[in-house]
Every structure is written in structure tokens, then in C-alpha cells.
Amino acid sequence: MDQSLRVCSFNIRYGTADDGRDHWSFRRPFTLEQIARMRPHLMGLQEALSFQIIEILTASPNFASVGVGRENGFDEGEFSPVLYDRTRLKLLRSDTFWFSDTPSVPGSSHWGNDNVRICTWAFFQDQETGDYFYHYNIHIDHEVDYSRRRSVELLVTRINDQLPKAPTLVTGDFNVGESNAAVRLMAEAGFRDSFREIHPSAKDVGTFHLFGQDFQPDKIDYIFVDPSWTVSDADIWRDRFDGRFPSDHYPVTAALSLGD
């Protein structure tokens, strides 16, 4: 029996954006269908607003969510939530920190970025395998390279300081391609890109496409795993629904397992 954990990272594009025919009100059913097709046990979303999370949870009743809005630590602004299948995973702890010099202060930002940036993490027990693990979900800055580097440095520090020790995975929109320093820092910290574990030579890897109008060749959305994990599958989902996209990013998935 396959007990792999199906993990997804998905920037769903914030639901109040002035996107014309790609506005959330039109593409909501596409996003919900995309999630249903991927059948994840665990999802890290980016750019999710509170009402979007509620709509996803309503359509996926086995799922629950942890995370807070980045502006006030409650419900204001974008979330970087962790959504999980309650029939598979037991939530033990969770929290959110800010990518700033004061990580516990809601809304804080100090590294030159105009947008507040956050990380939500959760500690789970897999109720099928008994394994314990951490999931960190991030969305780092799209403009300021210094902010991206500092964000990953803080992320790695938080992971290394976390107790109890347990296997860790990281999902996120890093807003940069694979050669950027922020991604290299993840590798230096011992994390592997799950997609490259399965597709080491793939060239067509872009995940940001602006609803098909401005395709970028770099993969900027990732599922990173530490050495504890085995990757058995990984994909970039390029589905269209009646010719339309569910978001301006393609979601990425990985099938992961712990142990032999």
C-alpha cells in the first residue's frame, strides 16, 4: 500500500486583484477543481486571503488550515497558510513568524521590501505511518534580493533551532529561479528540491505565467525536503479549465515518504 504523503505548493493569486476575466470570482471553480485533481494531503498556499481559504475549506471538508494574515497577525492581508487533511495528519503545534528583525511582531518588515512577508509552520504526526514532521510554508519578496537572502537565513535558523527535532519540508514561492542565492542557501542548508530529485534535466520548468500572458522560464515555486525524505514523484501542474488558468502560477506537487 502506497503511504506516500502528497504535498502541494500553490500560489493562488490574491482574490481581490483586479484581474478582469481572471478575477477570483471567475476562476474559483478552476482552483477548487485543480486541488481536487491533485488530491494533496498537505498544501502550502501563497497569496491566500481569508475568504479564499474559507471557500477552499468549504469545498474540501476533510481539510483544516493554520496561519494568520501578514498585516495584523489575525485576518488582515495575505496568508501563507498550511492546509492539511485531518483524516491523515494530526496537528500538534503551529505558529507564524515575520521575515524581519522582529519575527514575532505582526506586520513587521525591515529588509527593504515594500510588502510584509511571513512564514507559517506546523508540526504534524502522520496517522498512517506514525511519523512526526514539520512543514514550513513561505512567500518571500519579489523585488529585493537582500530581503530574500535574509528571509531564507532566518528560515534556516528557525528550522535548526526547532525542538523537538524532526524531518522537515518547506513549500513556497521564492520569487526567484534555481540559480539565485536564496535557493542556493536552501541547498547549503541541506535541503533538496523535490522536483529536481525526479526531473534533474528538465528544461521546461517555469511556474509563473501571468495567466498565460507573460510566461517566465524560471521555476520559482518549490517543495524542499531535508535528507530524511524520499521523493517518489514530483510534478508541475499546467491544467487549463475551459482554456482558463486557476492562477497565475502553476502548482507544484511531490510524493514524499520517510524511512526505508
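A charge is said to sit over a ring if NZ of Lys or CZ of Arg is within 6 Å of the ring centre and within 35 degrees of the ring normal. Another case is Arg 238, whose charged end sits over the ring of Tyr 250 at 5.8 Å from its centre. The model here is a predicted one, in which local features need pLDDT of at least 70 and side-chain atom pairs count only at pLDDT 80 or more, while totals for chains, interfaces and linings use all residues. Residues are numbered from 1 along each chain as its sequence is written, and side-chain values use heavy atoms, with hydrogens and water left out.

Next come the aromatic rings. Rings of Phe, Tyr and Trp (its six-membered ring) pair if their centres lie within 6.5 Å, and planes under 30 degrees apart count as stacked, over 60 as edge-to-face and the rest as tilted. That rule gives 14 aromatic pairs. Take Phe 97 and Phe 99: the ring centres are 5.6 Å apart and the planes are at 85°, so this pair is edge-to-face. Both Phe 97 and Phe 99 are buried (buried means under 20% relative accessible area, exposed over 50%, and partly exposed in between, with a 1.4 Å probe and protein chains only). Elsewhere, Trp 121, Phe 123, Tyr 132, Tyr 134 and Tyr 136 make up one aromatic cluster.

Now for the pockets. On a 1 Å grid over the protein atoms alone, a pocket is an open set of points with protein on both sides within 12 Å along at least five of seven lines, where a cavity is a set where a 1.4 Å probe fits but cannot get out; lining residues have an atom within 4 Å of a point. Grid points are joined across faces, edges and corners, and a volume is the space filled by probe spheres set on the points. The largest pocket holds about 240 Å³ of space. It is lined by 16 residues, and the closest to its centre are Arg 13, Glu 47, Arg 117, His 139 and His 142. Sorted by class, this lining has three nonpolar, six polar and seven charged residues (Ala, Val, Leu, Ile, Met, Phe, Trp, Tyr, Cys and Pro count as nonpolar, Asp, Glu, Lys and Arg as charged, and the others, Gly among them, as polar).

The second largest pocket has a volume of about 150 Å³. Of its 14 lining residues, Ile 159, Asn 160, Thr 168, Phe 191 and Asp 226 are the closest to the centre. The lining of this second largest pocket has eight nonpolar, four polar and two charged residues.

A few spots in the backbone deserve a look too. Most residues other than glycine have a negative phi, and most peptide bonds are trans. The bond from Leu 163 to Pro 164, however, is cis, with omega near 0°. Asn 175 has a positive phi, near 60°, and is buried at 19% relative accessible area. Phe 211 is not a glycine either, yet its phi is positive at about 55°; Phe 211 is buried, with a relative accessible area of 8%.

Finally, Pro 167 counts as buried because its relative accessibility is 18%. The C-alpha atoms of Pro 167 and Phe 123 are 9.9 Å apart, although 44 residues separate the two along the chain.
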